[in-house]
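Me: I would like to go through the terms used for this structure one by one. Please set each value against its cut-off.

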Amino acid sequence: MAALHLPLRAIVSNPHPPTWRLLLPLHAHLLVSGRLASAALTSLVSLYARVPALHSVLPLLLTPTSPLPCFNAALSLPHPLALPVFRRLRLAHSPDPFSFPPLVASAPSPHHLLAIHALALRCGLAHDLFCASALLRSYLSFGLADHAHRLFDGLPHRDVVVWNAMVNGFAKLGCFHRALECFLLMRADGRAEISSFTVTGILSVCTATADFQRGAAVHGMVVKYGFDHDVSVGNSLVDLYGKSHKVADAAMVFEGMAEQDRDLFSWNSMLSALHYSADHVGAMRLFARMRRAAVWPDAVTVAAVFPACAQTAALKVGREVHGYIVSSGLACDGALSVFACNALLDMYAKSGAMDEACRVFDWMRHHDVASWNIMIDGHASHGRGKEALELFRQMTVVEGLVPDEVTLLGAMSACSHSGLVEEGGRFLKRMKEEFGLDPQLEHYACVADMLGRAGRLDEARKVLEEAGAVGAGAWRTYLAACRMHGDKERAQEAARMLMTTEESGSGGWVLLANTHGWDGNFEELQEVRREMRRRGVQKAAPGCSWVEVGGGNGGSGTVVHAFVSGDKAHPEADLIYEMLHTLISWMRDCSDLSIRTPFYSIECS
């Protein structure tokens with residue numbers, strides 16, 4: 001008998017339901033061998049309830065003499081099938097505290113839930129903690145917060161499961177203040193010890209409300225009570241710190257977790273933390289570690305990795321991840337969300353692989369506005385203006401989608417890069433009149449750039465003057481156009497306009513200095529720089545660039561190197577600067593670049 005119970009218990013404890021091909025022979029063996037005792041029958045009934053194909057025959061296993069645990073196991077059937085079983089149970093037995101929770105969990109509507117609650121009251125079981133916790137979870141899942149509170153207030157005793165049902169239920173419902181209130185009441189009551197589920201619930205509240213200070217305090221409590229080794233608590237802390245842009249703290253918690261304890265959610269939380277803080281190189285390195293640890297990505301993973309590939313132009317790694325998506329089946333049956341598909345689309349578009357981006361776009365089952373925006377902007381950025389405008393037409397006319405500010409910016413950018421000046425001007429007008437959208441700085445800058453490229457500086461200036469304060473920053477674009485056409489006076493005027501509109505920052509000052517350097521007027525250039533020092537104006541943080549080169553990086557076959565202006569931290573910095581100076585010498589030998597030299601000196605100083 002013990003030999004029979006061991007495999008039966010193993011099947012019952014397996015999180016995956018058995019197949020009917022396994023279950024029916026097992027049932028036959030139990031019948032023939034005469035071993036269908038009470039405990040074995042209860043386990044068999046619970047297995048039948050987990051196989052949808054056998055739901056209709058499960059009631060045939062029950063007789064009026066079947067023990068109460070068998071009836072309770074059968075109540076985990078879907079609600080329409082569970083109700084007749086419950087009626088038979090009441091004819092044969094009196095319900096116990098384990099009879100109601102399956103019915104409560106499967107209740108299809110608030111009306112059914114209220115009826116079950118009333119029946120539990122009649123049976124004197126509604127205040128049993130096991131039954132009450134199930135009722136609280138279901139009430140909150142239906143959004144019946146007041147019903148849950150009335151039931152909770154009427155309980156004579158409350159254990160940690162009941163408190164957790166309230167804290168986590170309110171958190172999932174979005175009633176974060178009520179979840180926090182329950183947590184504080186639980187701590188003040190002091191009769192129920194907190195558990196890891198309590199901690200993860202309140203940490204989710206801190207994350208959702210961006211309450212970093214309280215979350216850090218909860219972290220202290222986690223260490224005090226010894227929950228810091230619980231993987232679910234660690235995952236919640238990584239998520240909290242990541243969404244609070246505290247990447248160092250998130251990494252500290254992540255690295256403090258034992259390697260064998262980290263699950264997929266641990267890696268995804270840390271990848272998302274790096275993604276939120278735009279540490280794209282860090283995300284790529286962590287993904288390489290994840291692959292070495294033999295943890296297989298899911299749709300959430302790729303949604304965090306693809307933006308990193310896009311921003312670092314790591315096309316080869318992105319293709320490898322795409323290949324994994326196809327080979328693992330993630331790309332089948334709609335397993336990837338539109339968000340993850342858009343991340344893949346954006347990676348190809350930003351890396352310049354527009355043909356592959358088009359194939360992904362055509363493969364996607366559903367396109368949202370972001371999908372169209374990525375394709376329109378991708379075509380525009382790579383000189384495919386006509387294709388971008390055709391996509392805009394398909395989106396608005398054929399699909400009937402309403403464009404947003406990003407869509408219009410992509411269409412204007414396509415006109416700018418393709419020389420379609422009149423069409424771009426009409427887009428600015430349509431934005432206000434047809435689509436009811438207010439142009440922002442980026443739209444005015446795009447139109448000014450488009451007119452400036454065409455040499456229509458007066459019209460560009462007029463657009464910026466009409467934009468007023470909204471388009472103040474677009475004077476940079478106007479200045480670049482003046483520089484392109486060698487109009488020094490207009491450029492200096494634009495630089496001064498920037499200085500009057502920017503309350504802080506160095507952009508206008510640096511551009512003004514550059515305009516003095518066009519014709520070698522270094523005295524005025526140095527005067528501007530001295531004035532910057534007197535006013536305490538410093539150049540903003542330099543931009544960062546990435547380059548992907550061949551080599552070994554966790555088996556990916558590539559290494560991503562990051563650089564900033566004036567960077568000397570790279571191990572091969574001397575060779576890099578030597579090659580840079582060689583390239584500059586070649587450029588000077590090939591053409592007259594004397595007017596460009598001051599710009600180089602300003603940017604590197």
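Predicted model: local features only at pLDDT ≥ 70, side-chain atom pairs only at ≥ 80, totals over all residues.

Me: Why is F152 called buried?

Reply: Buried means under 20% relative accessible area. F152 has a relative accessible area of 2%, so F152 is buried. W163 is also at 2% relative accessibility, therefore W163 counts as buried by that cut-off.

Me: What makes G425 partly exposed?

Reply: Partly exposed lies between the two limits, under 20% for buried and over 50% for exposed. G425 has a relative accessible area of 35%, so G425 is partly exposed. This residue sits in helix α25, residues 421-433. The C-alpha atoms of G425 and M450 are 8.9 Å apart in space, while the two are 25 residues apart in sequence.

Me: How many aromatic pairs are there, and why is the pair of F152 and W163 called edge-to-face?

Reply: The count is ten aromatic pairs. Ring centres must lie within 6.5 Å for a pair, and those of F152 and W163 are 5.0 Å apart. Planes over 60 degrees apart count as edge-to-face. The planes here are at 75°, so the pair is edge-to-face.

Me: Which parts does this pair tie together?

Reply: F152 is in helix α9 (residues 145-153) and W163 in helix α10 (residues 160-173), so the pair ties together parts that are eleven residues apart in sequence. Elsewhere, ring pairs link F392, F427 and F435 into a cluster.

Me: Which residues touch the most other members of the largest nonpolar core?

Reply: They are V199 and M270, in a core of 166 residues. Helix α18 (residues 299-312) gives the most to this core, nine residues. Leaving aside neighbours within four places in sequence, the contacts of M270 include V238, V247 and F254.

Me: What makes M579, L583 and W586 a nonpolar patch?

Reply: Patch residues need over 30% relative accessible area and no salt bridge, and nonpolar side chains are joined within 5 Å. M579, L583 and W586 form such a patch on the surface, with about 320 Å² of accessible area together. W586 lies in helix α32, residues 573-590.

Conventions:
Residues numbered from 1 in each chain as written. Heavy atoms only, no water. Patch = residues over 30% accessible without salt bridge, like charges linked within 9 Å, V, L, I, M, F, W, Y side chains within 5 Å. Areas by Shrake-Rupley, 256 points an atom, 1.4 Å probe, with all protein chains shown as cover. Salt bridge = Lys/Arg side-chain N within 4 Å of Asp/Glu carboxyl O. Helix = DSSP H or I, 4+ residues; strand = E, 2+ residues; numbered from the N terminus. Buried < 20%, exposed > 50% of the residue type's maximum accessible area, 1.4 Å probe, protein only. Core = buried A, V, L, I, M, F, W, Y, C linked by side-chain atoms within 4.5 Å. Contact = heavy atoms within 4.5 Å. Phe/Tyr/Trp six-rings, centres within 6.5 Å; stacked < 30°, edge-to-face > 60°.
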